[in-house]
Protein chains: 2
Amino acid sequence: MHLEEKTLSSEMIFDGRVVKLFTDKAELENGEIVSREVIKHPGGVCIVPLDSEDNVLMVRQFRYPFQKVLLEIPAGKMEFGENPEECGLRELREETGCTCDSFVSLGRLLPTPAYDSEIIHMYLAAGLHGGTQDLDDDEFLEVKKIPLQKAVEMIMKGEIEDAKTQAALLKTKLLLNR
Amino acid sequence: MHLEEKTLSSEMIFDGRVVKLFTDKAELENGEIVSREVIKHPGGVCIVPLDSEDNVLMVRQFRYPFQKVLLEIPAGKMEFGENPEECGLRELREETGCTCDSFVSLGRLLPTPAYDSEIIHMYLAAGLHGGTQDLDDDEFLEVKKIPLQKAVEMIMKGEIEDAKTQAALLKTKLLLNR
């Protein structure tokens, strides 16, 4: 029971297209009753598409909560019944037009474990074959080709702030040791 | 106007202790009207407390949305009117008992920019001086001392999944080049 919290009740406050919001009552290890706000999210994937010259295909996309365009790696939300690898290959194709010869897991990322159940599955895609973007009707983004080393420098200088992009690109750098 | 989305209306659905939830209507660049679910969060900080032998002070803490204990770096939510550096020094002291001689920014992290306004400010704390933990009444956590190199290996093996912990420790490794 040390560190654990026991759920006493759970109420759904909002059931949206992207998130569900719950407020729970939970009992702490000292017997105190606290409220917990919990966002439920279907989870997503992100992909580092690396070409044969160590360029990463990245995307520029308007991020509504910040009211600005961010530079990120391709990513997307999982659809019902979809597994992470299928979702990753689909998002890679939709956002960059590419297929790939190898698709390797870079592990999982929990963006905000204090109050949100989202899990992002990270992948490294190599052996890229170009094609045509196939975006959803309400999706607008621009693809940018950026050398991996340059992207890592941008992260270190604070010019790339998205969490999945920082984690997946830094892991790629350490994994490939270049 | 390319890539941009124009807010037409915004309705607050929930006003909680940790998050606020809004549903907005926005107009895309092709004139289509879409709904946007937006979580607003006060933002937070995380700290890499690094001792003179390259050990990181980490914390084990129950994370309610995952119903399990995670290993993370110390972190916390900003309080009203607090600046990120003050918040970071306060959280370092509360969670580990330590003060520090140097406190350097590692940049910002946007955990989930698609639907959440949270910003996490990352810091590297060095020249640590030990003291006594000073937790909130409803806060339970254990401090663990882990060599930086070992923590990086745990990230690469998928044993540390928290986003801020991955990003801040990998940045620390690259920054210090060790």
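A salt bridge is taken here as a side-chain nitrogen of Lys or Arg within 4 Å of a carboxyl oxygen of Asp or Glu. In the predicted model, Glu94(A) meets this criterion with Arg90(A), their closest N and O atoms lying 3.4 Å apart. The two residues are four positions apart in helix H1 (residues 84-96) of chain A, and therefore about one helical turn separates them. Both Glu94(A) and Arg90(A) are buried. The pair also belongs to a network of salt bridges that links Glu79(A), Glu82(A), Arg90(A), Glu91(A) and Glu94(A).

Over all chains, 24 salt bridges are present. Among them, Arg63(A) pairs with Glu72(A) at an N to O distance of 2.8 Å, and both of these residues are buried. In chain B, the side chains of Lys20(B) and Asp15(B) are joined at 2.7 Å, N to O; Lys20(B) is partly exposed, with a relative accessible area of 32%.

Acidic residues also contribute to a negative surface patch, which is formed by Glu32(A), Asp134(B), Asp136(B) and Asp137(B). Of these, Asp137(B) is located in the loop between strand S9 (120-129) and strand S10 (141-147) of chain B and is exposed, its relative accessible area being 67%.

No disulfides were identified in any chain. The cysteine sulfur closest to that of Cys98(A) belongs to Cys100(A) and lies 8.6 Å away, too far for a bond. Cys98(A) is buried, at 7% relative accessibility. In chain B, the sulfur of Cys100(B) has its closest cysteine sulfur in Cys98(B), at 8.6 Å, which is likewise too far for a bond; Cys100(B) is buried, with a relative accessible area of 18%.

Terms used. Residues numbered from 1 in each chain as written. Chains lettered and ligands numbered in written order. Predicted model: local features only at pLDDT ≥ 70, side-chain atom pairs only at ≥ 80, totals over all residues. Heavy atoms only, no water. Patch = residues over 30% accessible without salt bridge, like charges linked within 9 Å, V, L, I, M, F, W, Y side chains within 5 Å. Areas by Shrake-Rupley, 256 points an atom, 1.4 Å probe, with all protein chains shown as cover. Lys, Arg positive; Asp, Glu negative; His and termini not counted. Charge placed at Lys NZ, Arg CZ, Asp CG, Glu CD. Buried < 20%, exposed > 50% of the residue type's maximum accessible area, 1.4 Å probe, protein only. Disulfide = S-S within 2.5 Å.
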